[in-house]
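Biologist: I would like to take a close look at the aromatic rings of this protein. Please treat that one part in detail and then place it in its wider setting.

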Amino acid sequence: MIDGLPEELRAAMRAETVPAWRPPTLATLTDKRFSDPHWIFERKLDGMRCLAFRNGERVRLLSRNRQPLDGTYPEVLDALAAQKSSRFVVDGEVVAFEGRRTSFARLQHRLGITDPDEARATGIAVFYYLFDLLHLDGYTTTEIPLLWRKRLLRNAFNFNDPLRYCQHRVGDGEAAYRAACARGDEGVIAKSADSRYAGRRSTDWLKFKCVRDQEFVIGGYTAPRGSRIGLGALLVGYHSGRDLVYAGKVGTGFDTATLHSLHDQLSGIEQHSPPFTRDLVRQPDARWVRPELVAQVAFTEWTRDGKLRHPRYTGLRIDKNADDVVKETR
């Protein structure tokens with residue numbers, strides 16, 4: 001496959017051993033929707049970012065913050081171990097489906113599991129959508145253009161479930177965005193077709209979101225009222241410089257099992273004082289926690305005073321470090 005590449009592309013692929021780690025390229029949020037023949041547009045999946053590393057018989061799955069996922073998604077590990085190529089690094093997203101839509105909430109039933117048998121016993125089917133190739137057969141591919149990386153990826157792998165190739169549309173980003181929103185998808189990822197793999201947040205990869213959501217640090221919780229169990233609401237925020245800025249209360253999106261689980265985790269990391277440093281949070285029944293856990297929260301908009309309007313909890317993010325959580329801006 002590599003031998004079939006144009007000479008100038010082969011020259012850009014340096015020989016290397018399979019790396020132990022390669023940081024992922026992250027997309028930048030934008031409110032601009034555009035069409036451009038030099039860009040491709042992929043479906044934005046509502047799952048967990050996962051990089052896979054194979055070196056001979058050893059296959060490893062790592063989250064974007066280098067957490068091991070081998071025991072969480074054992075069927076993905078098996079599918080990668082069955083591939084003809086024995087040396088590769090790929091980038092993609094692990095998802096679960098709720099009907100025809102990917103659902104991070106459904107994937108939550110797999111998160112935190114490290115025993116392969118327990119993971120399979122959940123009955124939650126997962127799929128690994130591959131969208132980029134970082135290493136193949138002893139050569140780095142990060143310096144060749146994206147469309148060539150995707151071509152190599154498509155030809156190098158046998159795409160049978162749970163492995164799936166992430167399809168793309170060339171040029172017509174506005175139509176891709178309208179179609180994604182009509183389907184109820186998260187949105188679209190726009191990528192410059194000639195871009196190299198940056199390994200950091202890049203403006204060559206852009207997020208067109210149909211819905212607003214992002215990660216927030218959990219800084220506390222309120223006591224339950226009435227028939228509610230576990231907790232009433234999460235108190236969440238984001239980092240701005242050295243400050244942890246309060247963004248509001250999240251009181252919906254929980255089922256009974258989630259309330260129990262969150263209470264168990266949060267009660268174990270309680271502290272006496274609020275972790276929020278920029279605002280005085282007036283919440284008499286608040287129980288403060290060390291700012292270690294990260295929640296995914298959907299919301300309609302930011303209010304004028306910088307709080308979330310109609311926030312809804314969708315899950316915990318074990319693949320994001322709390323210190324890295326900042327306010328996403330359009």
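Which residues do ring pairs link into a cluster?

Modeller: In this predicted model, the cluster consists of Phe34, Trp39, Phe41, Tyr177 and Phe208, which ring pairs link together. Aromatic pairs also occur elsewhere, and a search of the whole structure finds 19 of them. One of the pairs joins Phe88 and Phe157: the ring centres lie 4.8 Å apart and the planes meet at 70°, so this pair is edge-to-face, the term used for planes over 60 degrees apart. Phe88 belongs to strand β5 (residues 87-95), whereas Phe157 lies in the loop between α5 (146-156) and β10 (163-165). The two residues are 69 residues apart, and their pair thus links distant parts of the chain. Are these two residues buried or exposed? Both Phe88 and Phe157 are buried.

Aromatic rings also meet charged groups here. The charged end of Arg164 sits over the ring of Phe127, 4.0 Å from the ring centre. In a further case, the ring of Trp302 has the charged end of Lys327 over it, 4.2 Å from its centre.

The wider setting is as follows. The protein contains 7 helices and 22 strands. Its radius of gyration is 21 Å, close to the 20 Å that the globule rule gives for 330 residues, so the protein is as compact as a globular protein of that length. Of these 330 residues, 54% count as buried. Among contacts with a separation of 6 or more, 70% are made by residues 24 or more positions apart.

How values were computed. Residues are numbered from 1 along each chain as its sequence is written. This is a predicted model: local features need pLDDT of at least 70, side-chain atom pairs count only at pLDDT 80 or more; totals for chains, interfaces and linings use all residues. Side-chain values use heavy atoms; hydrogens and water are left out. Rings of Phe, Tyr and Trp (its six-membered ring) pair if their centres lie within 6.5 Å; planes under 30 degrees apart count as stacked, over 60 as edge-to-face and the rest as tilted. Helices (H or I, at least four residues) and strands (E, at least two) are DSSP runs, numbered from the N terminus. Buried means under 20% relative accessible area, exposed over 50%, partly exposed in between (1.4 Å probe, protein chains only). A charge sits over a ring if NZ of Lys or CZ of Arg is within 6 Å of the ring centre and within 35 degrees of the ring normal. The radius of gyration is taken over C-alpha atoms; the globule rule is 2.2 Å times the number of residues to the power 0.38. Contact means heavy atoms within 4.5 Å.
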